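Visitor: I would like to learn how to read a protein model step by step. Could you guide me?

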Amino acid sequence: MGRAGVAGAAGVLVLACLGAGAVAPAAQAAPGGAAAVASASQRPPRDTTGTVQRVVVHSEALAGNLEGDSPDREVSIYLPPGYDADKRTRYPVLYMLHGSGGTDLTYFAPDASTNIPAIAGRTLAAGTSNEMIIVTPNAMTVHGGSNYSSGATTGDWESFISEELVAYVDSHYRTIDDREGRGIAGHSMGGYGALRIGMKHADVFSAMYVLSSCCIDKDSNIPDTPEEIAAMEDFTAHPENYPDGAPRIIGTAVQAAAAWAPNPDKAPLYFDSPYENGELVPEVYARMTANRPLAFVDQYISDLRTQDIAMDVGDEDLNIARNLTRLDAVLTSYGVEHSFEVYAGNHGNRIPERFEDEVLPFFSENLSPATRKPGRR
């Protein structure tokens, strides 16, 4: 499998041991009666404490982006228990992408609601997941999110994730360095990134899990009320009046325009607005629409047939639930095997639970398990 070469990587490593609060499973009855049960109960609990490294990875794919975001990106990496002790074991890797307004610390900060190290420890203790490496890059940009896409304004995030970051992780950690050992997942903007990058790079990722993906339909993240349209036009005409960035009501619309309608001649924002004088601009709208999964999924059906795919969304997340239901119908019409669940919840309130009960077990079932090479340590 061919991949582009990785850019040089550097950075200060911050290494922290994180306890998962694991509880040892109850001893089971065994031949030998009470003495055997007592002996089992005296065994030390399995250590399910992983470690985290936060590194900085330089990206040539992001260098020179017009909005001036740094090409040196923080990346949080969870290593399973025993990684440092056993140098002969290689592990599958899950790339977990965060949503709009977040960073890698969305999943790795000690107080994160979806705390990847803690959740991984609990699932290992419960026996519901396998050991794996989990990687989250910081995709924060000047406008609050990259949409994990490719363009002159935000940079080529698609190549950074699918080529440079994968190559960095494979060259610095003991990974199973083929598609069967790699999966990609994400929530919201990260769900879009997982879907976009996963289906377009099936040679790199064999499995993907999409949680409440944004940006599925042609009208996703396009201003559609008079207030939003007026705010978009004023912000793009007079960005100097907004020292704190775009107004919240158009935050994701600005991210989408920067990712999908770049314009190197329109300093200082370097993108085209989908609205002008209160009217939708058809050419800009078409460029943005071309980046919607419902617009390009038909091109990747043969690739999707080679992958393990899961999608889910909360039933209160109305627009996204409707759009993912449409995507589910498209995949079903082509006979692409996948799972899709609409569960009770909103856009974010059950993501920690879903990651613990669904995402990690899914990748444990579908990625190659950790493999120990024979021979001396």
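Predicted model: local features only at pLDDT ≥ 70, side-chain atom pairs only at ≥ 80, totals over all residues.

Visitor: What share of the residues in the chain is buried?

Guide: A residue is called buried when its relative accessible area is under 20%. Of the 377 residues in the chain, 52% are buried.

Visitor: Which residues line the largest cavity?

Guide: Among them are Tyr78, Ala120, Thr123, Leu124 and Leu360. Helix H3, which spans residues 116-126, makes the greatest contribution to this lining, with 3 residues. Sorted by class, the lining of the largest cavity consists of 6 nonpolar, 3 polar and 1 charged residues.

Visitor: How much space lies in the largest pocket, and which residues are the closest to its centre?

Guide: The largest pocket holds about 610 Å³ of space. It is lined by 28 residues, of which Ser220, Asn221, Thr252, Asn319 and Ile320 are the closest to its centre. Two or more lining residues come from each of helix H7 (251-260) and helix H11 (318-333), and H11 gives the most, with 5 residues. By class, the lining of the largest pocket divides into 10 nonpolar, 11 polar and 7 charged residues.

Visitor: Which residues are the closest to the centre of the second largest pocket?

Guide: The second largest pocket has about 290 Å³ of space. Of its 13 lining residues, Pro247, Arg248, Gly251, Thr252 and Gln255 are the closest to the centre. This lining contains 6 nonpolar, 5 polar and 2 charged residues.

Visitor: Let us turn to the backbone: where does the chain have a cis peptide bond?

Guide: Most peptide bonds are trans, and most residues other than glycine have a negative phi. Here the peptide bond from alanine 267 to proline 268 is cis, with omega near 5 degrees. Proline 268 sits in the loop between H7 and strand E11 (275-276).

Visitor: What is the phi of tyrosine 148, and is tyrosine 148 buried or exposed?

Guide: Phi of tyrosine 148 is near 50 degrees, which is a positive value in a residue other than glycine. Tyrosine 148 belongs to the loop between strand E6 (133-137) and strand E7 (150-151). Its relative accessibility is 0%, so tyrosine 148 counts as buried.

Visitor: And asparagine 277, is that residue buried or exposed?

Guide: Asparagine 277 has a relative accessible area of 65%, so it is exposed. Its phi is near 55 degrees, again a positive value in a residue other than glycine. The place of asparagine 277 is the loop between E11 and strand E12 (279-280).

Notes
Residues numbered from 1 in each chain as written. Heavy atoms only, no water. Buried < 20%, exposed > 50% of the residue type's maximum accessible area, 1.4 Å probe, protein only. 1 Å grid on protein atoms, 1.4 Å probe; cavity = no way out; pocket = protein on both sides within 12 Å on 5 of 7 lines; lining within 4 Å. Helix = DSSP H or I, 4+ residues; strand = E, 2+ residues; numbered from the N terminus. Nonpolar A, V, L, I, M, F, W, Y, C, P; charged D, E, K, R; others polar. Points joined across faces, edges and corners; volume = space filled by probe spheres on them.
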